[in-house]
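Please open the model in a viewer and keep a selection panel at hand. The stops below proceed one selection at a time.

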Amino acid sequence: MAWDIEFRLPETRYFTDAERAQLAVLFSAIQPRDAARGIPGAGDCGAVDYLDRLLEMDPAGPVKLHEDLASWQAGYHDWLAALDAAATARFGTPLAQLGADDATALIDLLERGELAGMGSAADQRRLFDTLWRHCLQGCWADPRWGGNRNRIMWRWLGYLGDAEKLELV
């Protein structure tokens, strides 16, 4: 498989507007903006856009994305609903309306496997790992995949060039 084959990102979206708002809160807690140091946040990078497009991809399509794509597609709606319920139970506020401190606390509890109503500790840590990886991928990936808007993270890091095509030998 060559990474330089031509493909188009889906025009349709996987998430509802409400789910996109929930993800924006979660991703901002994982990769917050640090204005004092000039570090872009997940919102600046379009990390939610990246995940929205990723999950709209066809698992059987021309580009093999990840063996877990179908399970992510099957799980994300339920995961966000459960996290919304957990946020409301713990903080009295829906997930999409959590402030930065409460969102960070929610993510910390999930990472430790201690968020009430979210299943086993192992399941919670797997969910945290999935959210964390998707957030960072959306911040750092080649912009052709729908994140790292305007190469913002690459520019922050000092890398100004385009990604190179890989040639298989």
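Select Asn 148, which lies in the loop between α6 and α7 (152-157); helices here are DSSP runs of H or I with at least four residues, strands are runs of E with at least two, and both are numbered from the N terminus. The model is a predicted one, in which local features need pLDDT of at least 70, side-chain atom pairs count only at pLDDT 80 or more, and totals for chains, interfaces and linings use all residues. Residues are numbered from 1 along each chain as its sequence is written, and side-chain values use heavy atoms, with hydrogens and water left out.

Asn 148 has a phi near 45°, a positive value in a residue other than glycine. Most residues other than glycine have a negative phi. At 0% relative accessibility, Asn 148 counts as buried; the classes are buried for under 20% relative accessible area, exposed for over 50% and partly exposed in between, with a 1.4 Å probe and protein chains only.

Is Asn 150 buried or exposed? Its relative accessibility is 58%, so Asn 150 counts as exposed.

**The salt bridges**

A search of the whole structure finds eleven salt bridges, each defined as a side-chain nitrogen of Lys or Arg within 4 Å of a carboxyl oxygen of Asp or Glu. Select Arg 13, Arg 20, Asp 49, Asp 52 and Arg 149 together: salt bridges link these residues in a network.

Then display Asp 44 and Arg 33, a salt-bridged pair whose closest N and O atoms are 2.2 Å apart. Asp 44 lies in helix α2 and Arg 33 in the loop between α1 and α2, so the pair ties together parts that are eleven residues apart in sequence. Asp 44 counts as buried at 18% relative accessibility, whereas Arg 33 counts as exposed at 56%.

Another pair to display is Asp 34 and Arg 37, which form a salt bridge with the closest N and O atoms 3.5 Å apart. Asp 34 is partly exposed at 24% relative accessibility, and Arg 37 is exposed, with a relative accessible area of 61%.

**Gln 31**

Centre the view on Gln 31, placed in the loop between α1 and α2. Gln 31 has a relative accessible area of 13% and is buried. Which residues does Gln 31 touch, not counting those up to four places away in sequence? They are Ile 39, Pro 40, Gly 41, Ala 42, Cys 135, Leu 136, Cys 139 and Met 153, where contact means heavy atoms within 4.5 Å.

Select α3 next. Eight of its eight residues are buried, so α3 is largely enclosed by the rest of the structure. The buried residues of α3 include Asp 49, Asp 52 and Arg 53 as well as Val 48 and Leu 51. Their cover includes α1, α2, α4 and α6.

Now show the largest nonpolar core, which has 42 residues. A nonpolar core is a set of buried Ala, Val, Leu, Ile, Met, Phe, Trp, Tyr and Cys residues joined through side-chain atoms within 4.5 Å. Those with the most contacts inside this core are Leu 23, Leu 26, Phe 27, Leu 51, Tyr 76, Leu 83 and Leu 131. At least two core residues come from each of α1 (17-30), α2 (42-45), α3 (47-54), α4 (69-91), α5 (100-112) and α6 (121-140). The largest share, seven residues, is supplied by α4.

Leaving aside neighbours within four places in sequence, Leu 83 is in contact with Leu 26, Leu 95, Leu 110, Leu 115, Met 118, Leu 127 and Leu 131.

**The second largest pocket**

Finally, select Trp 79, Met 118, Gly 119, Asp 123, Gln 124, Arg 126, Leu 127 and Thr 130, the lining of the second largest pocket. A pocket is an open set of points on a 1 Å grid over the protein atoms alone, where a 1.4 Å probe fits, with protein on both sides within 12 Å along at least five of seven lines; lining residues have an atom within 4 Å of a point. The largest share of the lining, five residues, comes from α6.

Within this lining, Arg 126 and Asp 123 meet through their side chains in a salt bridge (2.3 Å, N to O). Both lie in helix α6, three residues apart, about one turn of the helix. Asp 123 is partly exposed, with a relative accessible area of 38%.
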